[in-house]
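Some notes on the helix packing and the pockets follow. Please read them beside the model.

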Amino acid sequence: MATLSSKPGLKHSVTDWDATNKLLSDIAEYRRKASHDICQEGRALRNETANKASWLESDSNRRLSDRIHDISHWKELLEFCVQEVDREMDALTLSKEAAERALASLTLPLEVTVDCLTMREGRRGSELVSDLVEVELKKEVRVIDEAQHALQQQIDQSFEELCLLQEARHQLTLDLQNKMEALDADMSCLSLTVTSSEISLKPQPTRIPHGSSTPQQWVQFSHHNVTRAQQEMQASQQLRENISTTRVQVQNELEAQRTVLQFALRKRTHNLEQAKDELQWQLKTTKDQIMDMEEDIRGLEDDLQAKMSPLKLSHTRLENRTKRPGMDLCWDEVQSGLVSEAKQLEGIIQSLHEKLSQAQHSLQDLRHHEACMLEDLSRKQDTLSLETRTQEIRQRLFTASQKQSYPIAAVPLTNYSKRLNGKVA
């Protein structure tokens with residue numbers, strides 16, 4: 001007799017068994033497909049990263065080459081600018097020395113002119129005036145003083161400009177040294193490859209170093225240094241031109257002033273003779289005018305005296321008519337006419353008084369002026385003698401001053417702005 005199995009547990013059906021087998025097959029197929037996809041993606045990623053790494057290296061090399069080209073361009077420009085600054089400093093030094101020599105050469109002309117002015121102080125009274133000779137002598141002193149001031153100012157400006165040029169050159173030199181070091185660093189980086197023995201991993205290679213600048217700041221810094229040096233060279237060139245122009249102008253003005261003085265000295269005696277003749281004529285006409293004025297004053301006095309009787313008559317009539325009694329004290333046409341007549345006569349007499357006073361004052365002025373002209377005529381006659389001697393003394397001083405010379409050294413001028421702008425372009 002057969003016995004039943006006593007093993008406990010849940011038995012699966014055939015359907016469950018088939019489903020389990022199918023599930024294992026599906027999972028296996030899914031895992032294989034996922035693995036295959038990962039392998040394909042890995043191969044694609046390897047190819048992509050290899051190409052990208054190669055492109056990144058090539059792009060970095062290109063950027064390094066461009067950077068080296070930019071640094072080399074600015075290095076050449078800075079070197080050229082330093083040379084130009086050196087040449088300009090030499091040229092400005094020559095101009096400064098020439099200005100110092102020109103300043104020293106003005107001592108003797110100033111002494112001669114001051115001696116002439118001191119000598120002409122011997123004139124007295126109203127003849128001690130700033131006549132043509134006096135004006136020209138003072139003008140010569142002023143021209144020399146202004147020339148000394150201008151030359152001294154340009155000498156001081158030259159010294160200051162040399163300091164500014166030296167400072168600009170120092171900045172250019174520092175910038176040039178930095179450019180050379182940066183050029184060496186970038187050329188060294190460009191020479192490295194993936195097979196170079198010097199390459200290695202570095203800690204925090206992507207950090208931003210302290211004091212880093214942007215490309216715009218880098219360009220602006222060097223451009224500022226070059227522009228500043230260019231501006232200082234242009235200022236130095238303009239200063240050299242001003243020095244050269246001033247020296248030529250000083251020489252021309254002094255020579256022209258000597259010629260004018262010589263002419264003024266010759267003309268002075270003639271002018272004094274003319275002034276004396278004019279004064280004598282003025283004296284004659286003034287005396288004639290005094291006689292006419294005296295006659296007019298006598299006429300005014302007579303007319304004034306003649307107008308007093310009509311005024312007295314008018315006043316008397318007005319006063320008598322105030323004695324009319326009662327209603328007969330009337331402001332009639334007669335009264336109005338008498339009042340008008342009195343006022344008009346008073347106005348006439350007042351006008352005659354004013355005109356007489358003016359005439360008497362004018363006569364007094366004429367007589368006073370006549371006395372002044374007589375005194376001035378005496379002084380002019382004395383001055384004629386003095387001016388003749390002054391001309392003789394000035395002629396001797398002028399002959400001595402003619403021996404002075406003002407050498408002018410030529411300093412070459414250069415247009416730095418066009419040359420530097422061509423380099424920058």
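1. Start with the second largest pocket. α1, α3 (132-191) and α4 each supply at least two residues of its lining. Helices are DSSP runs of H or I, at least four residues, numbered from the N terminus. A pocket is an open set of points on a 1 Å grid over the protein atoms alone, where a 1.4 Å probe fits, with protein on both sides within 12 Å along at least five of seven lines; lining residues have an atom within 4 Å of a point.

2. This is a predicted model: local features need pLDDT of at least 70, side-chain atom pairs count only at pLDDT 80 or more, and totals for chains, interfaces and linings use all residues. Residues are numbered from 1 along each chain as its sequence is written, and side-chain values use heavy atoms, without hydrogens and water.

3. The second largest pocket has a volume of about 280 Å³. Volume here is the space filled by probe spheres set on the grid points, which are joined across faces, edges and corners. Of its 13 lining residues, R67, I71, A182, D186 and W218 are the closest to the centre. α3 gives the largest share of this lining, 6 residues.

4. The largest pocket has a volume of about 340 Å³. Its lining includes L56, E57, C189 and I199. Here α1 contributes the most, with 5 residues.

5. Helices α1 (residues 14-104) and α4 (residues 215-306) have axes that come within 9 Å and cross at roughly 20 degrees. Axes are lines fitted to C-alpha atoms over the stretch in contact, with angles from 0 to 180 degrees between N-to-C directions. The two are therefore roughly parallel, a term for angles under 35 degrees.

Notes. Angles under 35 degrees count as roughly parallel, over 145 as roughly antiparallel, 65 to 115 as roughly perpendicular and the rest as oblique.
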